[in-house]
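My notes follow in the order I looked things up.

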Amino acid sequence: MQSRVRIVAAALAVALVGGLTATAASQAAPAAPTVAYTPDGKLVPPKDYRTWIYLSSGMDMAYTEAPGMADHHMFDNVFVNREAYEVYQKTGTWPDKTIFVLEGRMGQGRGSINKKGLFQGDTMGLEAHVKDTARFKSGWAFFPMNGDAPAAALPQTSQCNVCHEQHGAVDTTFVQFYPTLMPKAQEMKTLAAAYLADEEKDKDEKR
């Protein structure tokens with residue numbers, strides 16, 4: 001009986017040591033960085049962005065008065081990496097190495113049993129918005145993505161950069177279109193002066 005107890009105790013000790021070793025090894029292994037680049041500075045498209053924090057969807061949004069294309073509709077889905085989201089929830093702004101992914105999907109009407117309204121179809125385009133203050137003069141850059149191919153950044157003078165710098169609610173990002181994030185920016189008083197000026201102008205025009 002005592003011999004059997006010793007055997008069982010020894011087996012449990014081995015299992016415990018093995019479990020602790022595996023845990024230590026997993027903790028020591030560095031996590032893959034969310035923002036990764038090729039040696040020539042192109043962005044490695046994140047493959048798991050759909051497991052990130054979903055912020056919001058827009059449909060047929062445009063920042064000019066130019067008429068859109070009436071023959072089709074598009075949804076824009078926005079995701080942000082979890083690490084950045086957690087910091088934002090504490091500070092009301094975005095840390096370095098924040099990465100947004102904008103996913104455009106075709107809006108479809110008739111399909112399956114649907115008779116009214118629209119649902120999302122095939123992907124039409126992907127774009128990343130990355131904060132990396134060591135790499136980019138403005139701190140941010142846009143990367144149009146095409147599948148798994150490394151993506152080159154748009155120039156810092158691109159229309160995307162300029163528009164976000166002039167109208168972004170928080171740190172050049174369009175938090176004004178993400179309803180779950182605006183309360184935190186208001187609480188922490190991190191709304192950009194340019195955005196607040198836009199809001200006042202809009203109010204004046206509506207009066």
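Which residues does proline 45 touch, not counting residues up to four places away in sequence? I find Met145, Gly147, Asp148, Ala149 and Pro150; contact means heavy atoms within 4.5 Å. Before going on, I note that this is a predicted model, where local features need pLDDT of at least 70, side-chain atom pairs count only at pLDDT 80 or more, and totals for chains, interfaces and linings use all residues. Residues are numbered from 1 along each chain as its sequence is written, and side-chain values use heavy atoms, with hydrogens and water left out.

**Proline 45.** I place proline 45 in the loop between H1 and S1. Helices (H or I, at least four residues) and strands (E, at least two) are DSSP runs, numbered from the N terminus. Proline 45 has a relative accessible area of 10%, so I log it as buried (under 20%; exposed is over 50%, partly exposed in between; 1.4 Å probe, protein chains only).

**Aromatic rings.** I count 10 aromatic pairs. Rings of Phe, Tyr and Trp (its six-membered ring) pair if their centres lie within 6.5 Å; planes under 30 degrees apart are stacked, over 60 edge-to-face, the rest tilted. Tyrosine 49 and phenylalanine 79 pair edge-to-face, at 5.5 Å centre to centre and 70° between the planes. Tyrosine 49 is in the loop between helix H1 (2-28) and strand S1 (53-59), and phenylalanine 79 is in strand S2 (residues 73-80), so the pair ties together parts 30 residues apart in sequence. Both residues are buried. Phenylalanine 174 and phenylalanine 177 have ring centres 5.6 Å apart and planes at 80°, so I log that pair as edge-to-face too. Phenylalanine 174 is buried, at 5% relative accessible area. Phenylalanine 177 is partly exposed, at 33%. One aromatic cluster holds Tyr88, Trp94, Phe100, Trp140 and Tyr178.

**Helix H3.** In H3 (residues 159-167) I find Asn161, Cys163 and His164 buried. The buried residues of H3 pack against strand S4 (119-131) and strand S5 (140-145).
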